[in-house]
Amino acid sequence: MRETFSLDDLRLIRAIGAAGTLTGAARLLRIDHSTAFRRLGAIEVRLGAKLFERARDGYTPTSAGEMGIAAGAHVLADMADLEQRLAGEDLRPAGTVRITTTDTLVDLMAPVLAELRIEHPGITVELTVANQFFTLTKREADIALRPAAEAPEHLAGRRLARVATAPYASSIYLRRNGKKPLSEYHWLGFDESLSHLRSARWMAAHLPGERIVFRADSLLALRSAARAGLGVAALPCYLADKVPELRRVESPIPEMEGALWLLTHPDLRKVARIRTVLDLMAGALSKQRGLIEGREGRS
C-alpha cells in the first residue's frame, strides 16, 4: 500500500516552501538542520517522488512539491480550525494563553500579568512582543492588545480607551530652545515602517521636512532620543507621562488620537481561560485609563 503524508510531513513541506531553504524551515519548526534534511529525504523515498530541487541559493518545489505544499496548507488550516472549535468546549480556567502586544504596551501589561498570576495560578501566559499585527485566525496568539483605529471585522474586540498622543521634549531641550511654534522645533520622526501611525501622518502634513533631525523605527527609541534632548517627539501619553525628564510641549493633538483594543477570535471567547484573561485584562487596564487617555500628564 502506498505511503501517505503525516501531519509532521506536511508541516515540514509547508515550512520549506515558505522559507525557501532547509535552514529557514528548520528554524520555523524549531528543529535542527540535520533532522529536517533526514526527514525530507525519508519523505521523498517513501513517496517515490522528488519534492524540491536543491540549489545553492535554496530549495524550489517541483510539481509534486507544489501539490504537497497546497495540500498541506489546506489540511493544516482545517486542523487549526478544529483545534479552535474544540478549544471552545474547554471550560477549565487553566492552561496556556498566548498574548501578543506591542513593545510600548509591555509596561502597562506587566502589572496585569502579575495580578493574573496571583488570582489564577493555573493559567500560564506566553507573551509575544511584536509590532506587526498577528492574524489570530492562524493561532499565532489567542489574545491581542493593540492600538488601532478599528478592530478587524473577523475578530471579537473590546475598545478599552482612547490613546492620546502629544509632543514631548526633555526639560533641558525646552529650556535651551524656549517656547515657539511646533513647526520651529527640531523633531524626531518615524521611518517608513511607522508611516501608518496617525502621528506620522500629522507630522508629514504639518512639519517642514528639514525640521526632522532624527528618525527611528521604534517609539521606545524616539522616547529615549527625546529624553536625551535631541528634540521633540510625538509619543503616546502612557509612554511618556511617567518619564521624569520629559514634558509635554503642547496638549494631546486630536488628529493623533487612536484607540486601545483587546482582541480575540470569536471561537475562543467562551473558553474559560481566555474569557478569564480577557476580563481581568479589561478590568485592570481600565484602572489606567486616565494615563492612556492623557488625563494624568504634566506640562
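This is a predicted model: local features need pLDDT of at least 70, side-chain atom pairs count only at pLDDT 80 or more; totals for chains, interfaces and linings use all residues.
Local features are reported only where pLDDT is at least 70, side-chain atom pairs count only at pLDDT 80 or more, and totals for chains, interfaces and linings use all residues. Residues are numbered from 1 along each chain as its sequence is written, and side-chain values use heavy atoms, with hydrogens and water left out.

I begin with strand β7, which spans residues 165-170. Of the 6 residues in β7, 6 are buried, where buried means under 20% relative accessible area, exposed over 50% and partly exposed in between, with a 1.4 Å probe and protein chains only. T165, P167 and A169 point one way from the strand, while A166, Y168 and S170 point the other way.

What are the partners of β7? One is β10, paired with β7 in the antiparallel sense over 4 bridges; two strands count as paired if DSSP finds at least two bridges between them. Along this pairing, A166 stands opposite L235 and T165 stands opposite P236. Another partner is strand β11, residues 246-248, which is also antiparallel to β7 and is joined to it over 3 bridges. In β11, R248 is the bridge partner of Y168.

Strand β10 itself is mostly covered, with 5 of its 5 residues buried. V232, A234 and P236 lie on one side and A233 and L235 on the other, and both faces are covered. β10 also runs parallel to β8, to which 2 bridges join it. In that pairing, W187 stands opposite V232.

Next, the residue G231, in the loop between α8 (219-227) and β10. Is G231 buried or exposed? Its relative accessible area is 0%, so G231 counts as buried. Leaving aside residues up to four places away in sequence, G231 touches Y168, A169, Y173, H186, L188 and A226, contact meaning heavy atoms within 4.5 Å.

I turn now to the aromatic side chains. How many aromatic pairs does a search of the whole structure find? The search finds 3. Rings of Phe, Tyr and Trp (its six-membered ring) pair if their centres lie within 6.5 Å, and planes under 30 degrees apart count as stacked, over 60 as edge-to-face and the rest as tilted. One of these pairs is Y173 with Y185, tilted, at 6.1 Å centre to centre and 45° between the planes. This pair links distant parts of the chain, 12 residues apart: Y173 belongs to helix α6 (residues 171-177), and Y185 to the loop between α6 and β8 (187-190). Y173 is buried at a relative accessible area of 2%, and Y185 is buried at 1%. W187 and W202 form a further tilted pair, 6.0 Å centre to centre with 45° between the planes. Here strand β8 supplies W187 and helix α7 supplies W202, and the two are 15 residues apart. Both W187 and W202 are buried.

The next topic is the second largest pocket, with a volume of about 650 Å³. On a 1 Å grid over the protein atoms alone, a pocket is an open set of points with protein on both sides within 12 Å along at least five of seven lines, and lining residues have an atom within 4 Å of a point. Grid points are joined across faces, edges and corners, and the volume is the space filled by probe spheres set on the points. The lining has 30 residues, of which P147, A148, H196, L197 and L219 lie nearest the centre of the pocket. β5 (143-147), α7 (198-206), β10 (232-236) and β12 (258-264) each supply at least two lining residues.

Finally, two arginines. R30 is found in the loop between α2 (22-29) and α3 (33-47). Its phi is near 60°, a positive value in a residue other than glycine. Most residues other than glycine have a negative phi. R30 is exposed, with a relative accessible area of 80%. R289, in helix α11 (residues 289-292), counts as partly exposed at 37% relative accessibility. R289 and Y238 are 51 residues apart in sequence and 9.2 Å apart in space, C-alpha to C-alpha.

Technical notes
On a 1 Å grid over the protein atoms alone, a cavity is a set of points where a 1.4 Å probe fits but cannot get out, and a pocket is an open set with protein on both sides within 12 Å along at least five of seven lines; lining residues have an atom within 4 Å of a point.
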